[in-house]
Structures are given as structure tokens and as C-alpha cells.
Amino acid sequence: MSQNKELPLVVCSVDGALLGQHGRLLACDELTIRLYCAMGGRFSALTYRTPQGLETLFPGKNRIGPSVCCGGSLVYSPASGLVTYAARLEEGAARAAVRDALDQFPEVSAQIIHANGNVYVPRGNPYLHAHLREESIGCIMAELEDISAPWVQVRFHGSTAAVAQLEAYLSERSYVGCALHGIRPGCLVMSREEATPRAAFLRLCALQEVPPEDAMFIASGREDLPVMELAGKSLAVADAPDEVRHRAAKILWPSRDGGVGEYLYSLLK
């Protein structure tokens, strides 16, 4: 289907706006996204999921456009099955950080995301196992020394207390070019300092030759605020935090009620 220039590029923060507290893609949202794309509209995701995790949400290569994965560390094209951009970690620093973490915190696991989108695990635990099941993805178990570069992200999983202690430990040390941030309790992420949703949104718009001011963005969490500043029109689901809703030009139905799908359908009328 050729592009319909009357329909805007819609970028959606899918982890909250589509999955929400129920943690799954509603049938009404899935069908409407498929219809929007079939009618020539462009729909792209912004997610902390890996490319493999994105594919489990949107199976079928022609369903959605290039999307931001791993919170900004990767731009992935479902149509080609290829990573088109990877914010690569400095190998020596990243490997040293993982080695230090595994040596000092035996109860914490590590999940290494390669620049090609593959997931490697030098050590697992029940917390990581639950995360992989939630995202419906597989992994490759390997010794740390056998996991080749380049990497784009490392995720440490464990109890909330253990991960907080790990964050304090790593923050006291210097790992060049590596930034630490939590995406939820019990999960600490290490990525490049410039691998942000804001930068990835700009890259996504450039890839699709759409000025940011002509794109729509559907927000769901505080991490989306920097992207809302760039998009020509920002929207938010009703269950987003107050500061996100206050910055939005329009409030959609809650994620649990299919707010994204309802709005996309209104664009087709």
C-alpha cells in the first residue's frame, strides 16, 4: 500500500499507551493499527522492548514502520528485519562494568543486547526469566568472554534492593560513555549517554523524511516528556501521569479501553 500523505506519521510510546497495566495488546488496538497502515498511514513504536519483543507485539513485516527499540539504543525496521541504527557501547568499559557487577553481586543477572538485536545472557536468575517470558523472547546463554561486540545495552535484573545496591556500586566507578538508569524496580539499564528517546525520535523522523513538527506522538509516561517537546502534536492516554496529560494537546481514552486504536480510527474518518 502506498503512503497516504493526508495521514500523519504517528509515533506511539507502546509500553504504556498500548500495553498499560494489562501488559498485552488489545485486539481493537491491533486491528486498528493494521487498518491505519493498510490505508497508507505510518505508525511507528517507541519501546523499551528489543526488536524480538517488538515482533511478538506486531507480527507481520508490513504492519508498522521503523521503530525505536531498547529505549533509544536501536532503530529497527520490521519490513526488512534489520537494525538501521545502533548506539554502540564502548566495548572495554561495558565489558568491565558487567564483569564487576557479576563478580560483586552474585544474585544479579545480566542481559546483553547486541547491535544486531540478539539477546545474550552470561548469567540468569528468576527475575530475568520472568522478564523474558513477559516479553515473549528467547536468549542465547554464553560466557561473558564469548559474547562478541558491539553491544548497545546491558540490563541487570534482581530484587529491588540488590539492584539499588548495584546501581550505587557502579555509579561510584567510571565506565566511559556508559549511562545508568532504571526503567522499573529491579531492572537497571546501561546504555550510551546519547541513546535517549528524544534523539531516537529525531532519527526516526529523519529516516521517514518527516519533519518532527509534522509528526504526532502518543505519550504514556514521564520518560516521554522530552519527545513531547519535539512532536508537532502530542497526545496522551488518560491513564498517563498528570504532568504528561498537562503537556498533551488531546487526551485519549485510557490504554485499557483502547485509546490509541480509537484515535487512529478517528483519523481515517
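User: Which residue in strand 9 is the bridge partner of S109?

Analyst: The model discussed here is predicted. Strand 6 (residues 109-114) and strand 9 (residues 151-157) run antiparallel and are joined by six bridges. Within this pairing, the strand 9 partner of S109 is H157.

User: Which residue of strand 7 stands opposite A110?

Analyst: Strand 6 also pairs with strand 7 (residues 119-123), in the antiparallel sense and over three bridges. In that pairing, A110 lies opposite R123.

User: In the hairpin of strand 6 and strand 7, which residue takes a positive phi, and near what value?

Analyst: Four residues lie between the two strands of this hairpin. The residue with the positive phi is G117, and its value is near 95°.

User: Is V11 buried or exposed?

Analyst: V11 belongs to strand 1 (residues 9-13). Beyond four places in sequence, V11 touches S44, L46, F201, L204, M216, F217 and I218. Because its relative accessibility is 0%, below the 20% cut-off, V11 counts as buried.

User: What separates the C-alpha atoms of F217 and L252 in space?

Analyst: F217 lies in strand 12 and, with 0% relative accessibility, counts as buried. Its contacts beyond four places in sequence include V11, L46, V227 and L235. F217 and L252 are 35 residues apart in sequence, and their C-alpha separation is 12 Å.

User: Where is Q208, and what is its relative accessibility?

Analyst: Q208 is in the loop between helix 7 (197-207) and strand 12 (216-219). Leaving aside neighbours within four places in sequence, Q208 is in contact with L9, R42, S44 and P66. Q208 counts as buried because its relative accessibility is 12%.

User: Which members of the largest nonpolar core touch the most other members?

Analyst: Nonpolar side chains in soluble globular proteins tend to be buried together. The largest nonpolar core here holds 59 residues. One of them, V260, has contacts that include L18, F43, I218 and L252. The members touching the most others are L18, F43, F58 and V260.

Terms used. Residues numbered from 1 in each chain as written. Predicted model: local features only at pLDDT ≥ 70, side-chain atom pairs only at ≥ 80, totals over all residues. Heavy atoms only, no water. Buried < 20%, exposed > 50% of the residue type's maximum accessible area, 1.4 Å probe, protein only. Contact = heavy atoms within 4.5 Å. Core = buried A, V, L, I, M, F, W, Y, C linked by side-chain atoms within 4.5 Å. Pairing = 2+ DSSP bridges.
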